[in-house]
Amino acid sequence: MSLAGSWRAELRKLLLVLAASGLLGWVTGYTLEMLCIGLGVLTGIWLWQLWLMRRWLEDPDQPPPESAGIWGLVYDTIYGLQRENREARGRLQSTVDYLRSSFASMRDGVLILTQSGAIEWSNYAAEGLLGLQYPRDRGQPVLNLLRWPAFHDYFLKGDFQQPLQIPSDRNSRQILQVEITTFAGGDFLLFFRDVTRVVQMEQMRRDFVGNVSHELRTPLTVFKGYLDTLSSSELLEDPRFQKAAAQMDMQVQRMENLLTDLLWLSRIETVSEDRETEDVNMVAMLEELREELRSSHPDRLVVLELETRDAVKGNYRELRSAVSNLVINALKYSEDDKPVSVSWVRGDQELVLNVVDAGVGIEAEHISRITERFYRVDESRNARTGGTGLGLAIVKHVAASHRAELIIASEPGRGSRFALHFAL
Ligand code: ADP
């Protein structure tokens, strides 16, 4: 029956009761009393229905009470809503179960923490990697259970831009990488990944490059020695030998530069985060560099703009090599009559070293790649300039270890700006 039909039937029932009790009252002479009795019976039926409804709502798994008219309609509507609600809950639960089981079966350890840092949930892998147990450890502050000092500092600092690598305390040869993100207004999601193999491979690569460069130095020194001896012998009076010797000399020099850069790169890559640092006086370093360039590039102009005397906390040798790579590149990739400007300025939150040239510039598609090892924009030009292709890789590394950012802006044919931004 429709809603309007049920209301009409209910109204008809009311009128019928009133008419019947009114008629009985008229016949017996007790009209008011009979009407009261009629209305009382109706109210009793409604109260009974309300009681039945309440009893059913307390135990909604039971089928709804049998009833016709408006009450039957109310029961049907509530029953329909309950069923829809149950189905929606079931669907939601199966989504939650699905997500949980996918998290649970991950090989990475996953932890969910509340805003206060208490463990809310963890998966099986967290048990193996960190020795945590769910649900036993639920509600425990994570810092009480994971006790690496580096992890404490990292978590309390709240800067999760870079992942953290820590040696596992369950297996000294295992290295774990922690990544943290915040979600749902301040809860934490932590991923612990076993990166031992990746770190080992990276270490092997560095060792290999370092060892090969080192080993190649000895034959190169012998070769260079013989070349020097040859250059003073009468053999060189023959112009054919002169050309060959000049070529050999140039290639030996290139190889020496390459080995020096490779060794230096592998050195700064292996040096740990807690290496010795000092307040590096950038002004003094830049003035010294300019003096050096005056003798190595006497016909070039390097303009220094020193707007601040702020020092940078870091490693002098590394910073010096980064800055000199940038300035020498600026000289290399611009015409002799174009000056190179180097400025040291203080911004709101940073100190910036700018190296600006009015040289050949770099096409936009190369900019993101020129800091890769051996990446060159133009092979033929580089053969002439004698570069190793490692200079900017060194700069990028030094920037990273000094929490600085290298920003490159360039316009082909007009020049380039290489800026090192050191956060204050
Ligand atoms: P390279 O030893 O070849 O100079 P780098 O790593 O220092 O190696 O630079 C990589 C490449 O980036 C260079 O080969 C060159 O093509 C480009 N490059 C670097 N600095 C500049 C600059 N100031 N102007 C134009 N191109 C540059």
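A: The second largest pocket is lined by 40 residues, and Asn325, Ile328, Asn329, Lys332 and Gly391 lie nearest its centre. A pocket here is found on a 1 Å grid over the protein atoms alone: it is an open set of points where a 1.4 Å probe fits, with protein on both sides within 12 Å along at least five of seven lines, and a lining residue has an atom within 4 Å of a point. This is a predicted model, in which local features need pLDDT of at least 70, side-chain atom pairs count only at pLDDT 80 or more, and totals for chains, interfaces and linings use all residues. Residues are numbered from 1 along each chain as its sequence is written, and side-chain values use heavy atoms, with hydrogens and water left out.

The volume of the second largest pocket is about 880 Å³, where a volume is the space filled by probe spheres set on the grid points, which are joined across faces, edges and corners. The elements that give two or more residues to its lining are helices H8 (239-270), H9 (282-296), H10 (316-332), H12 (379-385) and H13 (391-401), together with strand S12 (415-423). Helices (H or I, at least four residues) and strands (E, at least two) are DSSP runs numbered from the N terminus. H10 gives the most, with eight residues. By class, the lining has 15 nonpolar, 17 polar and eight charged residues. Here Ala, Val, Leu, Ile, Met, Phe, Trp, Tyr, Cys and Pro count as nonpolar, Asp, Glu, Lys and Arg as charged, and the others, Gly among them, as polar.

The position of the pocket follows from the domains. Domain 3 (198-268) and domain 4 (278-423) both give residues to the lining, so the pocket lies between them. These domain bounds come from an automatic or database domain assignment. The chain also has domain 1 (3-95) and domain 2 (106-194).

Next come the strands. Strand S9 (residues 340-346) is mostly covered, with five of its seven residues buried. Buried means under 20% relative accessible area, exposed over 50%, and partly exposed in between (1.4 Å probe, protein chains only). S9 runs parallel to strand S7 (residues 302-306), to which five bridges join it, and Leu306 stands opposite Trp344 in S9. Two strands pair if DSSP finds at least two bridges between them. S9 is also joined to strand S10 (residues 350-357), by six bridges and in the antiparallel sense. In that pair Val345 stands opposite Val352, and three residues lie between the two strands of the hairpin.

His366 lies in helix H11 (residues 364-367), and it counts as buried because its relative accessibility is 15%. The side chains of His366 and Tyr375 are joined by a polar contact of 2.7 Å. Such a contact is a pair of N or O atoms within 3.5 Å; within protein, one must be able to donate a hydrogen and the other to accept it, and residues adjacent in sequence count only if both atoms are side-chain atoms. In the loop between H11 and H12 is Phe374, whose phi is near 65 degrees, a positive value in a residue other than glycine. Phe374 counts as partly exposed, at 43% relative accessibility. Arg403, in the loop between H13 and strand S11 (404-411), has a positive phi of about 50 degrees although it is not a glycine. At 63% relative accessibility, Arg403 counts as exposed.
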